[in-house]
Amino acid sequence: MRTSNELPGAAGVRPREITAVLPWTPEPVDIGPHSLDGAHHLRDVHQADGTLVRLVAHHSCAVHEATERSLMEALNAEFDPERPELVAALTYADMTTSPDGHPLDVDTRLAEIHSRYGSEHLVSRSIANATPCITLAVRAVQAALADSALSGGQDGH
């Protein structure tokens, strides 16, 4: 299983900042995209920190699914975007981890999502539109991790 400790200082992010990523809840709010449902759940049920709530709302290029569902206005009205490096770190964690918690590469994860939903599903269409954004975020974090490894993990903190 993957842990947040596998992202030491990724893009300036501390592991604890992305530990409690996307909660699965027995009673979801369910207005549509799991990014909004998860953000609502964290805010309303757990009174989670605003940074975490905004990260969940905007993770993995959620703007694409919000647009597809005509919820972009609701997303932006309720949740300001979070710092890009934090969003990229959470996107990396989400898109390089299988649904059962095992590490995998971004292309395999994207294929898994398409396979689970089918090519005509709204989620598949959204993910297809979000793929350049997702892969850019994943590659940026991978580069930051590589730079951190090369510099011996010294990030100035």
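Me: Happy to have it in view. Why is Val63 called partly exposed?

Reply: Val63 has a relative accessibility of 30%. Buried means under 20% relative accessible area, exposed means over 50%, and partly exposed is in between, with a 1.4 Å probe and protein chains only. Val63 at 30% therefore counts as partly exposed. A word on the source: this is a predicted model, in which local features need pLDDT of at least 70, side-chain atom pairs count only at pLDDT 80 or more, and totals for chains, interfaces and linings use all residues. Residues are numbered from 1 along each chain as its sequence is written, and side-chain values use heavy atoms, with hydrogens and water left out.

Me: Where is Val63 placed, and what does Val63 touch?

Reply: Val63 belongs to helix H3, residues 63-68. Helices are DSSP runs of H or I with at least four residues, strands are runs of E with at least two, and both are numbered from the N terminus. Leaving aside residues up to four places away in sequence, Val63 touches Met72 and Leu75; a contact means heavy atoms within 4.5 Å. Between Val63 and Ser35, 28 residues apart in sequence, the C-alpha to C-alpha distance is 9.5 Å.

Me: How many helices and strands does the protein chain have?

Reply: The protein chain has seven helices and zero strands, so to speak α-α-α-α-α-α-α from the N terminus on. Of its 157 residues, 42% count as buried. Among contacts in the protein chain with a separation of 6 or more, 60% are between residues 24 or more positions apart.

Me: What makes Glu82 and Arg54 a salt bridge?

Reply: The definition asks for a side-chain nitrogen of Lys or Arg within 4 Å of a carboxyl oxygen of Asp or Glu. For Glu82 and Arg54 the closest N and O atoms are 2.8 Å apart, so the pair qualifies as a salt bridge. This pair links distant parts of the chain: Glu82 is in the loop between helix H4 (72-78) and H5, while Arg54 is in helix H2 (residues 50-58), 28 residues away. Side chains of opposite charge can pair when their charged atoms come close.

Me: Is Glu82 buried or exposed, and what about Arg54?

Reply: Glu82 has a relative accessible area of 13%, so Glu82 is buried. Arg54, with 26%, is partly exposed.

Me: Which residue forms a salt bridge with Arg125?

Reply: Glu68 does, with the closest N and O atoms 2.8 Å apart. Here too distant parts of the chain are linked, as Arg125 is in helix H7 and Glu68 in helix H3, 57 residues apart. Arg125 is partly exposed because its relative accessible area is 34%, and Glu68 counts as partly exposed at 29%.

Me: Why are Glu112 and Arg109 separated by about one helical turn?

Reply: Both are in helix H6 (residues 106-117) and they are three residues apart, which means about one helical turn. A network of salt bridges links Asp94, Arg109, Glu112 and Arg116, and a search of the whole structure finds nine salt bridges.

Me: What makes Asp94 buried?

Reply: Its relative accessibility is 11%, so Asp94 counts as buried. Asp94 lies in helix H5, residues 84-95, and a polar contact of 2.6 Å joins the side chains of Asp94 and Ser60. A polar contact is a pair of N or O atoms within 3.5 Å; within protein, one must be able to donate a hydrogen and the other to accept it, and residues adjacent in sequence count only if both atoms are side-chain atoms.

Me: Why is H5 called largely enclosed by the rest of the structure?

Reply: Of the 12 residues of H5, 10 are buried, so the helix is largely enclosed by the rest of the structure. The buried residues include Leu86, Leu90 and Tyr92. Their cover includes H2, H6 and H7.
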